[in-house]
Amino acid sequence: HGVQLPQGVIAEQVLVGKTLVTLFKKVSDNTQVKDFPISQQDNGQDEKEVSKQEQTLKNASSPTLKIKGKAVNMKQTILAPMKAPEMKYKVGDGKLCKSSIKIASWNVNGLRAVLNRKDLQRYIEEAQPDILCLNETKFDQFRWEQEGIANIFPAEYSQYWTFCKSPLSGYAGVCVLSKIKPISYQLELDTEKHSLEGRTVTLEFETFYLVSCYVPYSGQQLVRLKYRTEEWDIDFRKYLRLLNNKKPVVLCGDMNVSHREIDLAYPEKSQRLGGFTAQERFNFTKPVSYTHLRAHETPEHLVCRLLLEKKK
C-alpha cells in the first residue's frame, strides 16, 4: 500500500466478517511489536458514518511500535491514504460502429446489493446500453478483486473503475462499462486533492469525451459545503472546459444537486439542505452550461426545448 514499515515489521491483511483489518506483526525475536488494526473497511458505509469514524480515529491515542526499545508513533502512517496497484484498462480507436449509441447512467448506491438482486444484470440484458455509467459503487479495490466483480459483466463490455483510496474506503466509487474501446481514459481529476475518493472516470472517443462523475455531497450538516463549492466545483468546471475545448463532452452521473425548485417536493423547507443550497445551485447553473434531460423528455424534446430557449 505504499506504507513504509520499520525493519523487522510486516503488514498482514485479514478479512473478519465484512471488515478488512491490516495488522503489523514482528518478524524477528529482538523486535517487540503489538498487533493493531491500521485499516477497517466496511462496504455500505455512508459518508456521514465514514466521516465520524475518521474523526474518531484522529482523536484516538496514537498506536506505537516498539522497535529495539524505541517507541515509533504510527498515527501518520495509519491516516495516510492506502495506495493500491494502478489498474490498466483496454484502449482502442474510439470509433462508433453505428450512427447513434445508447448511454445510460445509474447511481446504484451500493453495487453489491444491486448485483445480489440481479437488477443490474437484468437491466443490461434488456436495455443493452452501449455505455453504462455506474456511480456510488461503494467498493474498494481489494474487495472488488477478491469477489471477482469484473467477471459478472458481459465480456463485450470493457470496464473502467475508480475506487475510494481513503483508509476508510467502501463509499463513492465510479465505473464505466463500454462496448466501444476508448482512445484513452483518465481516472480522477488531475488535481491530487480530488484524486482519493473515486469520483470521476473520463473516456475519450473519436468524436467526444464521456465523463462519469459522482460529485461530493456537502453533507446533511453542510460540513463539506465549502470544499464542494469553493474547491471541487471550480476545479471540475476547469477540467470540463479543457476537455470541451478539444471535443464535445457528455457528462453523466450524480451531480448531487437539485437544480430547480420543481426538482423537490418541499423546496421552501430545503434551503439549507445539502444539494439545494444557493451556492450549489448557482454553481450548477454556471458551468460549461449543463444541459440535462428532464424526467419526461426524450432527446427529441430536448432539441426542441434548446431551440426555443435559444430564440428567447
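Predicted model: local features only at pLDDT ≥ 70, side-chain atom pairs only at ≥ 80, totals over all residues.
1. In helix H4, which spans residues 119–127, the buried residues are Leu120, Ile124 and Ala127. Around the axis these residues cover an arc of only 90°, which places them on the same side of H4. An α-helix has 3.6 residues a turn, so residues three or four places apart point the same way. On the other side of H4, Glu125 and Glu126 are exposed.

2. The cover over the buried residues of H4 includes strand E6 (103–107) and helix H3 (111–116), together with strand E7 (131–135) and strand E9 (174–178). Just after H4, Gln128 takes a positive phi of about 50°.

3. The average pLDDT of the protein is 76, and 63% of the residues score at least 70. Over residues 56–70 pLDDT stays under 50, and the model has 37 contacts beyond four places in sequence for that stretch. Over residues 72–82 pLDDT likewise stays under 50, and here too the model has 37 contacts beyond four places in sequence.

4. The count of aromatic pairs comes to ten. One of them is formed by Tyr160 and Tyr185, a tilted pair with 5.8 Å from centre to centre and 50° between the planes. Because Tyr160 lies in strand E8 (residues 158–162) and Tyr185 in strand E10 (residues 184–187), the pair ties together parts that are 25 residues apart in sequence. Tyr160 counts as buried at 0% relative accessibility, whereas Tyr185, with a relative accessible area of 24%, is partly exposed.

5. The rings of Trp232 and Phe236 have centres 5.3 Å apart and planes at 25°, and the pair is therefore stacked, since planes under 30 degrees apart count as stacked. Both residues, Trp232 and Phe236, lie in helix H6 (residues 225–244), where they are four residues apart, about one turn of the helix. Trp232 counts as buried at 1% relative accessibility, and Phe236 is buried as well, with a relative accessible area of 3%.

6. Two further features involve aromatic rings. Trp144, Phe153, Trp161 and Phe163 are linked by ring pairs into a cluster. Lys247 lies over the face of Tyr209, at 5.6 Å from the ring centre.

Technical notes:
Residues numbered from 1 in each chain as written. Heavy atoms only, no water. Buried < 20%, exposed > 50% of the residue type's maximum accessible area, 1.4 Å probe, protein only. Helix = DSSP H or I, 4+ residues; strand = E, 2+ residues; numbered from the N terminus. Arc of directions from axis to C-beta. Contact = heavy atoms within 4.5 Å. pLDDT = per-residue confidence, 0-100. Phe/Tyr/Trp six-rings, centres within 6.5 Å; stacked < 30°, edge-to-face > 60°. Lys NZ or Arg CZ within 6 Å of the ring centre and 35° of its normal.
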